[in-house]
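I opened my notebook to look up a few features. Here is what I checked, entry by entry.

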Amino acid sequence: MGKRFSGLKIGLVVACSMALAFTSIGTASAWVPDRPVEFIVPAGAGGGADVMARFISPLVSKYNLSPKPWVVINKSAGAGAEGFMYVKGQKGNANLIIITLDNLFTTPLATGVPFNWKDLTPASRLALDYFCLWVNKESGYKTAAEYIDAVKKAPGKFVMGGTGAKQEDQIITVQLEQAFGLKFNYVPFKGGGTVAVELVGKHISSSVNNPSEARSHWKNGTLVPLATIDSTRINLPDWDQIPTMKEATGKDLSYLMLRGIFLAPGVKPEVVAYYVDTLKKVTETPEWKKYIADNGLKDAYLSGPEFVKWLEDKEATTKDLMAKGHLLKK
Amino acid sequence: MRKANLGVAVFLFLIGAIVMYDAVRLGWQYDPSSGPGAGFLPFYLSLGVLLCTSVFIVKQVMQLSKIGIVGDEPLIQEGGLKPILWVLLPSTAMVVLVSIIGLHFAAAIFLLFYMRVVGKIGWLECILVSVLFPVGMYIVFDRLFLIPLPDGMLGNYIKLPF
Amino acid sequence: MAENFHSLMMGISVSMQPYNFMIAMIGLVLGVIVGVLPGLGGANGVAILIPLTVAMQPISGIILLASIYWGALYGGSITSILFNIPGEPWSVATTFDGYPMAKKGHAGKALVLSFFSHFVGAVLGVIMLSFFAPLIAAFALRFGPAEIFSVMVLTFSAFVGLSGKDPYKTLVSIFIGFILAAVGMDIVTGQLRMTFGSIDLMGGFNFIVAVIGLFGLGEIFLTVEEGLKLEATEGGRVTFKDMAWGVKELIIEWKALLLGCLIGCWMGLKPGGATPASFMAYGFAKQSSKKSDEFGHGASAGIIAPEAAAHGAGTSAALPMITLGIPGSPTMAVIMGGLMIFGLLPGPMLFVEHPDFVWGFIGSCWIGNFIGLLVVLAFAPLFAAVLKIRFAIIMPIIVYVCAIGAYAVNNRVIDIYYMIGFGVVGYLFKKLDYPLAPLVLALVLGDMAESALRQALLISGGSPLVLFAPPIALPIMVAAGLIFFWPTVSGLIKKARMKVGPG
């Protein structure tokens with residue numbers, strides 16, 4: 001039995017090295033995926049990261065950017081820790097990428113899971129996601145200043161809905177509370193889309209949804225954005241009507257969320273080069289431009305050392321904000 | 001049957017105890033301003049399990065000491081254990097093999113083993129099924145539906161042309 | 001209404017065009033295949049075909065994706081009936097009576113009955129989708145955490161009151177189910193519960209993995225112990241007589257059918273509603289039936305109610321996606337991703353901005369469900385014939401396919417180990433009379449119920465009164481209470497009557 005198996009193994013090795021030899025003639029020396037690429041999403045189906053991954057993978061096929069398909073796989077357990085730990089454990093696996101959001105920083109900080117973004121190989125930042133302060137139109141609040149004043153008068157009575165606990169929505173809520181000296185009643189829900197619908201149904205008083213999650217309800221006239229939580233306005237038609245936090249309240253608040261791609265640890269430089277290059281091409285397609293505009297994202301492609309530098313800064317800020325809000329794991 | 005009943009109850013009691021230990025760590029109190037904490041429900045659930053199983057264990061032990069196991073139906077009927085083990089052990093072996101040689105190869109061995117050794121089915125049929133079926137599954141899942149099934153340590157060697 | 005009707009006709013005519021019709025056929029057949037294989041669902045089928053649809057017209061693309069979904073809905077109950085292995089979460093309730101019926105040798109009848117009930121449930125769902133979408137969306141919006149919690153309570157009380165022989169064992173089963181559901185991350189506080197530092201436990205226990213083990217493997221152990229080989233009696237055929245019988249049964253059990261349809265269409269409005277709907281419909285059908293002792297031994301109504309509910313809910317799950325932009329099921333989430341590729345943003349504006357598209361989609365629901373029924377009926381003899389294969393061949397194949405299914409749910413090897421473990425537990429519980437159904441119900445609803453409860457309490461600032469808030473939560477809670485105590489009450493009434501009456 002053992003003998004036959006090793007025979008089979010050798011046969012296979014020979015066969016594939018021959019196959020590899022043949023394929024490599026045509027494609028020069030650049031590395032391309034040689035198996036279907038596992039595209040890990042450390043979040044549930046239907047969320048922002050998931051939709052983006054499911055948007056990118058057919059684009060890659062459409063523009064023939066990869067000889068093998070990119071297969072989206074959700075590993076969302078433990079606020080994404082499952083996905084991160086999985087990629088961390090796949091040292092040197094070139095056919096594996098992971099899309100990340102800010103849970104790249106918040107999950108290990110909040111849960112104590114032994115993981116840091118430095119355990120992965122950064123590829124590129126695709127975009128940044130804005131946050132806005134939303135209320136139901138029927139609540140009657142026209143400006144952020146009005147709403148903030150009302151919250152100040154009744155501490156703990158206004159319900160702020162958000163995605164998950166100790167993640168970006170709660171961090172922003174804490175930022176708001178500390179900047180204006182007020183107290184929200186923060187209630188976590190499972191996903192951003194749900195939060196927006198809870199707000200439409202008036203079960204909560206406000207939310208800090210990403211533009212894409214609430215866009216349709218805004219156009220429909222049920223939700224209103226009071227302010228963009230960034231120092232500059234969103235540079236897209238319609239969205240540029242929303243004032244920044246500073247314009248609306250006088251206090252400058254900013255929080256942007258990462259939409260980036262990482263690779264497994266210990267992959268070869270030519271592998272990194274392939275993904276950086278391919279993702280760059282993805283962000284240059286007309287479909288991507290439309291996607292960015294539709295979803296109110298900030299087109300902010302970045303890779304290489306600048307990206308690493310940005311990650312380091314972002315990690316420090318996140319840690320600082322979470323420490324201030326007592327959201328770190330004790 | 002009574003012994004098995006007792007055994008399962010003790011097992012569930014232990015689960016309850018573990019859960020309660022963790023629930024206490026998480027904080028099981030009911031906070032009047034924000035409702036139950038993370039450990040609140042697990043605490044009461046485990047309390048329920050502990051209460052129910054301990055009542056049950058006491059009843060069983062009393063019964064056992066009174067009338068013993070005489071006249072009790074066995075858990076597994078006579079001659080039933082062997083066929084169960086013939087299913088359980090090979091399938092467990094298959095699962096263990098998954099991480100070594102991959103799901104499809106492990107399943108092929110499992111199919112061949114069960115059909116030939118337990119089912120006493122003719123060699124030709126055995127080999128046909130245990131080769132063709134995994135190949136079919138490979139094509140359907142790994143190729144058509146792009147669900148990469150675990151390939152164990154062989155992963156980097158298998159590159160079928162289709 | 002008239003305008004809707006006009007748009008609908010336009011939509012149907014679009015989906016009847018030869019090319020789109022052919023696309024729908026392909027999608028349906030593929031959907032049935034992914035639905036039959038446990039662990040593989042509509043979500044997988046849709047995900048792999050999205051790249052293909054990029055090159056198509058948006059309307060053809062969505063017809064293809066939706067057809068896979070309809071096909072998968074039909075396919076899900078086939079393995080529940082034949083092998084006691086639910087292909088999808090919402091076909092668990094079908095195993096309670098579908099499998100016993102098949103075991104008696106009436107697999108063909110059980111399949112036909114499930115397909116017909118599916119069809120009726122779906123038609124009602126599609127009617128709602130076509131004519132009342134905005135109205136229903138407005139109603140769905142009124143369901144906050146407290147209202148969702150009350151629905152969970154109603155599901156439980158409809159179902160649990162009836163299953164136990166030994167109350168201790170029933171209670172323990174429920175507790176264990178809830179405990180298994182709680183393993184993993186707590187959404188409300190972000191703390192890890194009962195994981196003890198293990199990454200594997202962080203993912204918790206998946207419902208499908210648990211039911212494949214508890215029901216499927218557990219049943220295999222029971223079968224081999226008894227030395228029975230799954231007999232190949234007349235189960236191998238599906239005749240026109242069976243179909244006529246199916247129609248007759250539907251008419252006789254019209255109450256169960258109606259109950260299933262209504263519960264299904266109502267519950268489908270909220271995400272994840274199909275599974276509780278099927279359980280609730282089963283519970284209600286059993287309680288309201290005069291022949292409630294037959295349930296669990298192959299009662300027709302025990303197949304009709306949950307199947308109609310599951311498919312009704314599956315159809316109305318499209319509603320929250322189209323009208324509110326939140327996916328009602330994982331498959332809908334993937335379809336939503338597909339919409340974005342066509343440059344369409346799901347949500348309340350979809351009806352306004354792209355009416356042709358929405359109505360084409362709704363039209364394809366009509367066509368898809370009609371053809372879907374024909375497709376599965378044509379396949380039914382093939383499925384039933386699987387039972388004719390010798391046990392020593394089919395059994396290891398079932399274990400193999402179950403292992404694939406358990407793995408494919410979350411792409412985790414540990415789940416295959418869990419499956420085997422649950423198999424042993426399933427066998428022991430069945431032997432020792434611990435009821436399994438309350439356990440799986442607690443497992444599937446536990447998470448949702450707990451977070452809804454805690455969100456409601458957070459919003460109210462800790463006051464439990466919010467759980468009984470009028471106008472929605474209160475009546476549902478009252479109904480739940482009535483249904484829970486109904487067996488006791490009706491027993492008392494009967495006793496009283498016996499005393500008074502002539503006897």
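**Ground rules.** I am working with a predicted model, where local features need pLDDT of at least 70, side-chain atom pairs count only at pLDDT 80 or more, and totals for chains, interfaces and linings use all residues. Residues are numbered from 1 along each chain as its sequence is written, chains are lettered from A and ligands numbered from 1 in the order written, and side-chain values use heavy atoms, without hydrogens or water.

**Strand E5 of chain A.** I looked up residues 132-136, which form strand E5 (strands are DSSP runs of at least two E residues, helices of at least four H or I, numbered from the N terminus). Is this strand buried or exposed? I found 5 of its 5 residues buried (under 20% relative accessible area, 1.4 Å probe, protein chains only). A:Cys132, A:Trp134 and A:Asn136 point one way, and A:Leu133 and A:Val135 the other. In a regular strand the side chains alternate between the two faces of the sheet.

**Its partners.** Strands pair if DSSP finds at least two bridges between them. E5(A) runs antiparallel to E9(A), residues 223-228, with 5 bridges. E5(A) also pairs with E8(A), residues 206-207, antiparallel over 2 bridges. I traced A:Trp134: its bridge partner is A:Pro225 in E9(A) and A:Ser207 in E8(A).

**Chain B.** I noted helix H5, residues 123-144, which holds B:Trp123. B:Trp123 also belongs to a nonpolar surface patch of about 870 Å², with residues including B:Leu124, B:Ile127 and B:Leu144 (patch residues have over 30% relative accessible area and no salt bridge; nonpolar side chains are joined within 5 Å; the areas are Shrake-Rupley, 1.4 Å probe; a salt bridge puts a Lys or Arg side-chain nitrogen within 4 Å of an Asp or Glu carboxyl oxygen).

Terms used: Patches are made of residues with over 30% relative accessible area and no salt bridge: like charges are joined within 9 Å, nonpolar side chains (Val, Leu, Ile, Met, Phe, Trp, Tyr) within 5 Å. Buried means under 20% relative accessible area, exposed over 50%, partly exposed in between (1.4 Å probe, protein chains only).
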